[in-house]
Amino acid sequence: MMNPKPQSVDEYFSWFSGEILEKLQAIRARILKEIPEAKEVISYHMPAVRTSEVLVYYAVAKNHIGFYPTNSGVSEFKKELEGYQTSKGAIQFSHDKPLPLDLIAEIVKFRFFEVQAKAAKKKKV
């Protein structure tokens, strides 16, 4: 049984190998390239990236990698996500298909600007 509570993103990644690990590393690299100031954290037992709050989470499931950009990150990209299994705050990237890294980058940037705007609004209050 895998340890259900990783202490770090590196520990989480250490549980995987081969193509799954490559996909996790590709997601991580692309997110950090887009938002270099983001911090990697473990939240809800998953790798996540945050600035003033979590932008996105991602995790390996049996048949897919779950990508969790919150409700707004899914609804904002409804058209681009046609063809992917989605729910309110989640997107499934099937293990047997290439990752849409450009789309992941766009979603992460959208969440970054959304969170920045929310933080700026709080400062004005």
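This is a predicted model: local features need pLDDT of at least 70, side-chain atom pairs count only at pLDDT 80 or more; totals for chains, interfaces and linings use all residues.
Arg-28 forms a salt bridge with Glu-40, in which the closest N and O atoms are 2.6 Å apart. Since Arg-28 belongs to helix α2 and Glu-40 to strand β1 (residues 39-43), the pair ties together parts that are 12 residues apart in sequence. Glu-40, for its part, counts as partly exposed, with a relative accessibility of 30%.

Asp-102 counts as exposed, at 54% relative accessibility. Glu-34 forms a salt bridge with Lys-109, the closest N and O atoms lying 3.5 Å apart; here too distant parts of the chain are linked, as Glu-34 lies in helix α2 and Lys-109 in helix α4, 75 residues apart. Both Glu-34, at 21% relative accessibility, and Lys-109, with a relative accessible area of 26%, count as partly exposed. Through salt bridges that share partners, Arg-30, Glu-34, Asp-102, Glu-106 and Lys-109 are joined into one network.

Strand β3 (residues 54-60) is mostly covered, with 6 of its 7 residues buried. On one side of the pairing pattern, strand β2 (residues 46-50) and β3 run antiparallel over 3 bridges, Val-49 having Val-56 as its bridge partner in β3, and a hairpin of 3 residues joins β2 to β3. Strand β4 (residues 64-68) is likewise antiparallel to β3, to which it is joined by 4 bridges; Ala-59 has Gly-66 of β4 as its bridge partner, and β3 and β4 form a hairpin with 3 residues between them.

The largest nonpolar core contains 33 residues, of which Ile-27, Ile-31, Tyr-58, Phe-67 and Ile-104 touch the most other members. Two or more residues are given to this core by each of α1 (9-14), α2 (18-34), β2, β3, β4, β6 (90-94) and α4 (101-124). When neighbours within four places in sequence are left aside, Ile-27 is in contact with Tyr-58, Ile-65, Phe-67, Leu-99, Leu-101 and Ile-104.

Definitions and conventions:
Residues are numbered from 1 along each chain as its sequence is written. Side-chain values use heavy atoms; hydrogens and water are left out. Buried means under 20% relative accessible area, exposed over 50%, partly exposed in between (1.4 Å probe, protein chains only). Two strands pair if DSSP finds at least two bridges between them. A nonpolar core is a set of buried Ala, Val, Leu, Ile, Met, Phe, Trp, Tyr and Cys residues joined through side-chain atoms within 4.5 Å. Contact means heavy atoms within 4.5 Å. A salt bridge is a side-chain nitrogen of Lys or Arg within 4 Å of a carboxyl oxygen of Asp or Glu.
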